[in-house]
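Dear colleague,

I am handing over the structure we spoke of, placed directly below. Could you look through it alongside my notes when you have a moment?

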Amino acid sequence: MGTFIDGRTSQNASTANSIAIPITLLNTPQLFGQIGLNTQGATGTPRVLLKGTISLQIPLDLVGITITIVRGTQITDPVVYSATSTFNLSLLAPQVIAFSADDFNPPITPQLVYTAFVSANLLGTIRVGPESFDGILVSD
């Protein structure tokens, strides 16, 4: 088991239906979480464990939602995780997406920054909360 080095949380919305942020551009990533992990004391092989949730109200049409996590601050930075989900049209309640990702042996810099983005392929998708993104850094 590795040694815990640092952990951080980005809590954009803590409860259900506490925000109403529309996704207004098709297939354009929108930031919903960002963390910075201090790497001081990391030795051996570092590993970053990331997880989070996001809740969305989707339109009554087939919609694909993509979650992308990058190591850095821009969508053009190295992708650590990306997944697309297509949602059931018969559900009128907000849809909750939970995700888990790992970054094995990232380069050790004074601080590792990770950013979570969400995009939709259909207008009418609204971020409603909760939204949470967190990660920990462990090393040998």
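This is a predicted model: local features need pLDDT of at least 70, side-chain atom pairs count only at pLDDT 80 or more; totals for chains, interfaces and linings use all residues.

Residues are numbered from 1 along each chain as its sequence is written, and side-chain values use heavy atoms, with hydrogens and water left out.

I begin with strand β9, which covers residues 126-139; helices (H or I, at least four residues) and strands (E, at least two) are DSSP runs, numbered from the N terminus. Eleven of the 14 residues of β9 are buried, where buried means under 20% relative accessible area, exposed over 50% and partly exposed in between (1.4 Å probe, protein chains only).

Strands count as paired if DSSP finds at least two bridges between them. Strand β1 (residues 3-13) runs antiparallel to β9 and is joined to it by nine bridges, with Thr 9 partnered by Asp 134. Strand β4 (residues 47-57), also antiparallel to β9, is joined to it by ten bridges, and here Leu 49 has Ile 136 as its partner. Strand β2 (residues 21-22) is joined to β9 by two bridges, again antiparallel, and Pro 22 is partnered by Ile 126.

Leu 137, in strand β9, is buried with a relative accessible area of 0%. Leaving aside neighbours within four places in sequence, Leu 137 is in contact (heavy atoms within 4.5 Å) with residues including Phe 4, Leu 37 and Val 48.

The structure holds five salt bridges, each being a side-chain nitrogen of Lys or Arg within 4 Å of a carboxyl oxygen of Asp or Glu. In one of them, Arg 47 and Asp 140 have their closest N and O atoms 3.2 Å apart; because Arg 47 lies in strand β4 and Asp 140 in the segment after β9, this pair ties together parts that are 93 residues apart in sequence. Lys 51 forms a salt bridge with Asp 134, the closest N and O atoms being 3.2 Å apart, and this pair links strand β4 to strand β9 across 83 residues. Lys 51 is partly exposed at 46% relative accessible area, whereas Asp 134 counts as buried at 15%. Arg 127 and Glu 131 also meet in a salt bridge (2.6 Å, N to O), and both residues are buried.

With best regards
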